[in-house]
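Hi there,

Here is the structure I promised to pass on to you.

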Amino acid sequence: MTSIPPTEKVGAVVPAAGGGERLPGPVAKQFRELGGTPILHRTLWCLAEEGRVGFIALALPAAEVASFEPPAGLPVPVRPVAGGTERQYSVVNGLSALPPEVEWVIVHDGARPLLPPGLVEACLAGAQETGAAIAALPVSDTVKRANEGEFAEATVPRGDLWLAQTPQVARRELLERALALAAAEGFEGTDEAVLLEAAGIRVKLVPGSKFNFKITTPEDLAMAEAYLARAQGGGTAAPPPVGGVL
Ligand code: CTP
Ligand code: MG
């Protein structure tokens with residue numbers, strides 16, 4: 001059996017400092033309500049309830065840092081910090097806010113509020129081999145490469161293609177090294193895995209969940225609402241209870 005690092009050695013970084021431009025509204029998407037609870041609160045509950053994370057560093061838009069209140073009763077301490085201009089820099093800021101005893105880092109998007117129970121643990125277990133693992137899904141649709149965005153130019157074999165999700169887990173020293181290398185080379189990536197790969201670190205792919213989708217567009221928000229409504233109505237695909245507010 002793979003051993004999981006003790007909770008006090010595991011910290012989460014939650015990038016939640018984006019502007020949510022693809023989901024326009026009165027507030028950035030992470031502060032929008034989903035089933036009556038802010039998306040970001042749901043995400044924090046999912047992470048905290050797993051019992052695998054001892055500390056959460058939360059990267060927020062700078063204007064929100066001073067006033068942010070974590071959800072009442074959350075069993076894990078949260079330290080809000082200002083994010084950066086890109087997700088990667090928000091992760092850097094979050095990482096530097098984790099206490100020194102943290103040896104393993106879980107990065108999980110603030111905009112993924114339907115994190116299923118067990119996925120954090122599966123990623124932590126998956127990371128024990130090489131020091132890094134991410135949740136990901138094998139591509140199930142046929143993939144087309146577009147010609148000037150309008151016509152299908154080619155069909156890309158999908159057999160070895162995966163869609164990256166979060167959680168993305170790494171040994172703290174490896175993630176710090178990968179981020180430092182990216183900074184030195186001026187490289188910006190949209191997830192941690194691409195930086196770890198560039199640093200020569202093997203990243204294990206752990207099967208994620210379609211329910212763990214990122215709220216990116218209005219359609220995503222509508223799907224998440226429908227999913228929660230179904231769960232509340234006694235549907236079978238129940239998402240995790242979130243701090244008793246489901
Ligand atoms: N994020 C962040 N700092 C940034 C940009 C993004 O912490 N400078 C966070 C977002 O808040 C989100 C996660 O990274 O939780 C994934 O990013 P994405 O879905 O792209 O969110 P936004 O950048 O906010 O949305 P958009 O790209 O549509 O503007
Ligand atoms: Mg973005």
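**Cysteines and disulfides**

Counting disulfides (pairs of cysteine sulfur atoms within 2.5 Å) by this rule gives zero. As a reminder, a disulfide is a covalent bond that joins the sulfur atoms of two cysteines.

C46 is buried, with a relative accessible area of 6%, and C123 counts as buried at 0%.

**Before you go on**

This is a predicted model, in which local features need pLDDT of at least 70 and side-chain atom pairs count only at pLDDT 80 or more, while totals for chains, interfaces and linings use all residues. Residues are numbered from 1 along each chain as its sequence is written, chains are lettered from A and ligands numbered from 1 in the order in which they are written, and side-chain values use heavy atoms, leaving out hydrogens and water.

**The protein as a whole**

You will find six helices and eleven strands; these are DSSP runs, numbered from the N terminus, with helices being H or I of at least four residues and strands E of at least two. The radius of gyration, taken over C-alpha atoms, is compared with a globule rule of 2.2 Å times the number of residues to the power 0.38. For 246 residues a compact globule would be near 18 Å, and the protein agrees, with 18 Å. Its C-alpha trace spans about 50 × 45 × 40 Å along the principal axes.

Buried residues make up 45% of the 246. A contact means heavy atoms within 4.5 Å. Of the contacts with a separation of 6 or more, 70% are between residues 24 or more positions apart.

**One residue to look at**

L119 is buried, with 6% relative accessible area. What does L119 touch? Leaving aside residues up to four places away in sequence, L119 touches E50, A135, P167, V206, P207, G208 and N212. T7 is 112 residues from L119 along the chain, and their C-alpha atoms are separated by 15 Å.

Enjoy exploring!

Methods:
Buried < 20%, exposed > 50% of the residue type's maximum accessible area, 1.4 Å probe, protein only.
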